[in-house]
Amino acid sequence: MMSKNLSTITTLLFSAGLLGLSATAIANEDPTPLELVTANPQGTLVNPFDPTDPEIAKEGHQIFMETGCNGCHGGTGGGGMGPPLSNQRWVYGDEPDTLFRLVTLGTQTLQENGYSRIASEKVKAPMPPQASGGIVIIESSERLWKIITWIQSLHQEKDNG
Ligand code: HEC
């Protein structure tokens with residue numbers, strides 16, 4: 001879960017990242033998700049958008065639908081063939097960095113990169129990669145961050161009520 005403080009910290013980390021770690025990613029203003037994942041060490045990716053901005057979340061939801069994520073996760077993220085995104089259970093954790101890698105690489109490659117299931121959902125199956133050979137390809141990191149902002153916003157709604 002993302003607290004106000006944590007998001008301030010991540011914003012600071014992001015600024016620090018701009019100066020150093022993500023130099024490769026910055027060279028191209030909007031790298032593909034795979035480029036971003038490959039250029040940055042695990043745990044260093046930070047959502048450049050404000051996770052409490054309802055406009056970005058709304059845009060992210062539109063992209064989620066356009067990209068076909070709803071085919072497995074349902075139009076409101078409530079789940080279907082894939083696990084729900086709207087509950088408080090996160091199979092590999094709730095870090096935006098982890099979610100970004102999960103969607104980009106798919107969960108088989110994510111596991112090969114050292115991640116393991118720390119929680120289980122009713123659905124226990126691998127998610128295909130979106131970066132190569134997957135059902136859909138997300139060309140832009142910005143678009144994927146917007147989707148992730150929407151997913152984060154679902155959790156905030158739950159927290160508030
Ligand atoms: C072919 C079906 C399918 C599609 C399409 C799909 N997913 Fe998934 N997704 C899954 C499955 C299955 C899992 C569970 C993976 C696991 O347990 O290893 C999952 C897991 C996730 C998780 C982690 C959920 C949790 O509870 O921890 C997120 C976030 C996610 N998907 C986002 C997306 C996004 C964003 C898209 C569109 C770009 C997408 N998915 C497209 C099947 C799919």
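How many C-beta neighbours inside 10 Å does Asn-87 have, and does Asn-87 count as buried, exposed or partly exposed? In this predicted model, Asn-87 has 15 such neighbours and therefore counts as partly exposed. Asn-87 sits in the loop that connects helix 5 and helix 6. Along the chain, Asn-87 and Glu-121 are 34 residues apart, while their C-alpha atoms are separated by 9.9 Å.

The protein as a whole contains 7 helices and 0 strands. Read from the N terminus, the order of elements is α-α-α-α-α-α-α. The chain has 161 residues, of which 32% count as buried. When contacts between residues at least 6 apart in sequence are considered, 68% of them join residues at least 24 apart.

The average pLDDT is 84, and 76% of the residues score at least 70. Over residues 19–25 the pLDDT stays under 50. For this stretch the model has 9 contacts beyond four places in sequence.

Helix 4 covers residues 54–67. Helix 4 is made of 14 residues, and the distance from its first C-alpha to its last is 20 Å, close to the 20 Å expected at 1.5 Å a residue. The buried residues of this helix are Ile-56, Ala-57, Gly-60, His-61 and Phe-64. Viewed down the axis of helix 4, these buried residues fall within an arc of 145 degrees, so they line one face of the helix. Lys-58 is also found in helix 4. Lys-58 counts as partly exposed because it has 13 C-beta neighbours inside 10 Å, whereas a buried residue needs 20 or more. Lys-58 and Thr-149 are 91 residues apart in sequence, yet the distance between them in space is 9.0 Å, C-alpha to C-alpha. Just after helix 4, Gly-68 adopts a positive phi of about 90 degrees.

The surroundings of the ligand were examined next. The ligand is surrounded by 31 residues. The closest of these are Cys-69, Cys-72, Gly-82, Thr-107 and Met-127. By class, the shell consists of 21 nonpolar, 7 polar and 3 charged residues. At least two shell residues come from each of helix 4, helix 5 (70–73), helix 6 (96–112) and helix 7 (141–160). Helix 6 provides the largest share of the shell, with 4 residues.

Thr-98 counts as partly exposed because 18 C-beta neighbours lie inside 10 Å. Leaving aside residues up to four places away in sequence, Thr-98 touches Tyr-92, Gly-93 and Tyr-115. Thr-98 and Thr-44 are 54 residues apart in sequence and 9.6 Å apart in space, C-alpha to C-alpha. Thr-44 was also compared with Pro-96, which is 52 residues away along the chain. The C-alpha atoms of Thr-44 and Pro-96 are separated by 9.6 Å.

How values were computed: Residues numbered from 1 in each chain as written. Predicted model: local features only at pLDDT ≥ 70, side-chain atom pairs only at ≥ 80, totals over all residues. Near = placed C-beta within 6 Å. Nonpolar A, V, L, I, M, F, W, Y, C, P; charged D, E, K, R; others polar. Expected span 1.5 Å × (residues − 1). Buried ≥ 20, exposed ≤ 12 C-beta atoms within 10 Å, placed from the backbone. Arc of directions from axis to C-beta. Contact = placed C-beta atoms within 7 Å. pLDDT = per-residue confidence, 0-100.
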